[in-house]
Amino acid sequence: MTDGRISTARLGTDGPEVGVQGLGCMGMSFAYGPVDTDASRATLERALELGVTLYDTADMYGAGENERFLSPFFKAHRDELLIATKFALSLDPDNPTRRVIRNDEPYIRQAVEASLKRLDVDVIDLYYMHRRDVNVPIEETVGVMADLIREGKVKQLGLSEVTADELRAAHAVHPIAAVQSEWSLFSRDIEAKVVPAARDLGVTLVPYSPLGRGFLTGSFTNAEQDLTPDDFRRQQPRYTGENATTNAALLAPLREIAASHGATLGQIALAWVHHQSQLHNLPVIPIPGTRKPQRVEENTAATHIKLTQEELALLDPLATKVAGNRYADMRFTSAGRE
Ligand SMILES: NC(=O)c1ccc[n+]([C@@H]2O[C@H](COP(=O)([O-])OP(=O)(O)OC[C@H]3O[C@@H](n4cnc5c(N)ncnc54)[C@H](OP(=O)(O)O)[C@@H]3O)[C@@H](O)[C@H]2O)c1
């Protein structure tokens, strides 16, 4: 580190260097309880000062509200940062617990125009397919995404929650810069196939929910008891009921290691994710989400923590002991299709 800023990593084989930690912006408008726009704006500015240059949103976060909220910040700093957004996923207006997934050309074309309009920018730096619609061949979807690059609407392509085979098929149509999938001490299913495929193809890994949606920081131990009624984490099996009790007990080694580093639990959880880059020999750019400036300071500082082999060995078995899936319906994940 120089001048207090985080180091950088490459986004795709020939892509730009970006801060080695990005910022997840979803919670600023969606899914995680009450929003605080003033604190969120301060968080965005502080992140940029610290060298965070990859900002993650999606059209479905608050049905467009998150993109609209981020737009003034993005426009004020257009040359200093990269905007990553996503298409494919929406909530059924008649039944908001039902997710709709679409990867067909008419849908993609209207989605990209809507995102560009809400963001009020000319081009999206990194455009992800948020979820796979198995009714549409992935080659067809990526073909349309590649057309968006030729048309100047998008600069680089990403895929979220794809299998290794889907990634290979997509990459044969057009280079994929990044795969965004859940990866944390509690969620390691992508290590078996997706991570090796990404390494072979020169694709950067962008782990989402690297703090286990906040659970790994110890800030809540049971979603039903600790979080507001509208919080999405109440729908996730591992954060409720007996599973939550079992999983909270798994944090003991994390506490021990955090104490010995004079660090927080969240910092150790993030240091573990950053270590995966060296271990698997590919660029890894996690995007922890926060709405609080002091937490972005804490999270970026975790990029400087080095875990010992003994500490890594203590943390290694945690994922196999986690009770409950990461989504109620695992078809929503790449692991559900591997
Ligand atoms: N591709 C996908 O399908 C997908 C799915 C989920 C998320 N994402 C993206 O990934 C980003 C990150 O994932 P995520 O937000 O789900 O989970 P996460 O980064 O694992 O955790 C976020 C939660 O942790 C809390 N937190 C953050 N830093 C903290 C700290 N230092 N101490 C204590 N608590 C802390 C946040 O609360 P505060 O905000 O109150 O600080 C928030 O509740 C999202 O913002 C989104 O952009 C993508």
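L23 has Y55 in β4 as its bridge partner. That bridge belongs to β3 and strand β4 (residues 54-56), which pair in the parallel sense over 2 bridges; two strands pair if DSSP finds at least two bridges between them. Helices here are DSSP runs of H or I with at least four residues, strands are runs of E with at least two, and both are numbered from the N terminus.

A word on the source: this is a predicted model, where local features need pLDDT of at least 70 and side-chain atom pairs count only at pLDDT 80 or more, while totals for chains, interfaces and linings use all residues. Residues are numbered from 1 along each chain as its sequence is written, and side-chain values use heavy atoms, with hydrogens and water left out.

Now the whole sheet. It is open, has 7 strands with parallel pairing, and its order is β3-β4-β5-β8-β9-β10-β11. At the edges are β3 (23-24) and β11 (204-208), each pairing on one side only.

Next, helix α3 (residues 105-119): α3 lies across β5 (82-87), β8 (124-129) and β9 (154-160), and runs at about 140° to β8. Axes are lines fitted to C-alpha atoms, for helices over the stretch in contact (heavy atoms within 4.5 Å), and angles run from 0 to 180 degrees between N-to-C directions.

Last, how do α4 and α5 cross? The axes of helix α4 (residues 138-150) and helix α5 (residues 164-173) come within 9 Å and cross at roughly 40°. The contact is made by I138, E139, V142 and G143 of α4, with E166, A169, A170 and V173 of α5.
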